[in-house]
Amino acid sequence: MRQFLALDLPDRWRRDLDDARRRWLGADPGWRLPAIDSVHLTLRFLGEVEATVDTGARAAWAEAVGSLPVFDLRLTGFGTFPDRGQPRIFWAGVDGGASLQGLASALESSARSLGFAAEDRGFRPHLTLARARRGHRVRSPRAERLLDTASFPVEEVILFRSVLDPAGARYTALDRFVLSAAGD
């Protein structure tokens, strides 16, 4: 089953981000907006995970996450990928400081120790808000200001199942791994 580890978003972030992307992307039919309920911060994509690996992996994720303290996540701005040329993805940047980087690093180390292939690119924390439709040229979004959305405490990592569908990927939470409240 296809899996990934991610942070979910509070409802207020979803509302604010949905309003902003609709306002900034306007009526450009070249942009495809995923369902706002599916927007998340991917920490580690795992790919296809065999049932025989899944149980041991869940114990490793719980151990890696449980040893780290709760931290705050905040929005930092907006941009597109690639950095130059025709935009393909419109994203919101997020920052959790060294704690977010440490969480991603701990999950990457655990994944490698379990035999998952190493990630081929560095961790760039972002929320994918829209994707350019194939064959469409799109204009860069006009994200004129940072949203006033308050930061929120990251208290858990979620293991999601991903099912690819022509209408878009569908995600189901399989398990939750809680960070240490005090960092003990």
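## Basis of the description

Residues are numbered from 1 along each chain as its sequence is written. In this predicted model, local features need pLDDT of at least 70 and side-chain atom pairs count only at pLDDT 80 or more, while totals for chains, interfaces and linings use all residues, and side-chain values use heavy atoms, with hydrogens and water left out.

## The five-stranded sheet

An open sheet of five strands has the order β2-β6-β5-β4-β7 with antiparallel pairing, where strands are DSSP runs of E of at least two residues and helices are runs of H or I of at least four, both numbered from the N terminus, and two strands pair if DSSP finds at least two bridges between them. Its edge strands, each pairing on one side only, are β2 (31-32) and β7 (152-154).

Helix α1 (residues 11-25) packs on this sheet, touching β2, β4 (71-81), β5 (89-95), β6 and β7, contact meaning heavy atoms within 4.5 Å. The direction of α1 makes about 15° with that of β4, whereas α3 (residues 97-113) lies across β4 and β5 at about 80° to β4; axes are lines fitted to C-alpha atoms, for helices over the stretch in contact, and angles run from 0 to 180 degrees between N-to-C directions.

## The four-stranded sheet

Four strands, in the order β3-β1-β8-β9, form an open antiparallel sheet, with β3 (41-48) and β9 (170-178) as the edge strands. Four bridges join β1 (residues 2-7) to β8 (residues 156-163), and L5 has L159 in β8 as its bridge partner.

Helix α2 (residues 51-66) lies across β1, β3, β8 and β9 at about 55° to β9, while α3 lies across β1, β3 and β8, running at about 10° to β3.
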